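Have a look at the model first, and then we will walk through it topic by topic.

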Amino acid sequence: MIRELIDHATQRQFVYTHRWRAMDLVMWDDRCTMHRGSSSTTSATKRDMRRATVSDVAPTCEQMGLAAAAE
């Protein structure tokens, strides 16, 4: 089942690939997304990754979907 879910979620139409440029910042919500770093990053490229964890007071993706459907 996990394999089927991953296969579905990683279909081309659901995948965002970022083409990095200097000073880029990318943020995502781990409650609703999957993240994978690219193996194409060379050792000469510096990656500065930071993690922020906040209190889970925002609605979940599922709740947002239900709220959007009700509008």
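Let's begin with a pair of residues: Asp7 and Arg3 both sit in helix H1, four residues apart, which is about one turn of the helix. Keep in mind that this is a predicted model. The chain as a whole has two helices and zero strands.

**The pair in helix H1**

- What joins the side chains of Asp7 and Arg3? They meet in a salt bridge, with 3.2 Å from N to O.
- That distance counts because a salt bridge needs a side-chain nitrogen of Lys or Arg within 4 Å of a carboxyl oxygen of Asp or Glu.
- Side chains of opposite charge can pair when their charged atoms come close.
- By this rule, the count comes to one salt bridge.
- Are the two partners buried or exposed? Arg3 is exposed, as its relative accessible area is 52%, while Asp7 is partly exposed, at 42%.

**The surface of the chain**

- How much of the chain counts as buried? The share is 0% of the 71 residues.
- To count as buried, a residue must have under 20% relative accessible area.

- Which residues form a nonpolar patch on the surface? They are Met1, Ile2 and Leu5, and together they have about 390 Å² of accessible area.
- Met1 belongs to the segment before helix H1, which spans residues 2-9.
- With a relative accessible area of 77%, Met1 is exposed.

**The loop between the helices**

- Where is Met23 found? Its place is the loop between H1 and H2.
- Met23 has a positive phi of about 75°, although this residue is not a glycine.
- Met23 is also exposed, because its relative accessible area of 82% is over the 50% cut-off.
- Arg51 is found in the loop between H1 and helix H2, and H2 covers residues 61-70.
- Arg51 is exposed too, with a relative accessible area of 75%.
- How far apart are Arg51 and Met27? In sequence they are separated by 24 residues, and in space by 9.6 Å, taken from C-alpha to C-alpha.

How values were computed: Residues are numbered from 1 along each chain as its sequence is written. This is a predicted model: local features need pLDDT of at least 70, side-chain atom pairs count only at pLDDT 80 or more; totals for chains, interfaces and linings use all residues. Side-chain values use heavy atoms; hydrogens and water are left out. Buried means under 20% relative accessible area, exposed over 50%, partly exposed in between (1.4 Å probe, protein chains only). Patches are made of residues with over 30% relative accessible area and no salt bridge: like charges are joined within 9 Å, nonpolar side chains (Val, Leu, Ile, Met, Phe, Trp, Tyr) within 5 Å. Accessible areas come from the Shrake-Rupley method with a 1.4 Å probe; for residues, only the protein chains shown count as cover.
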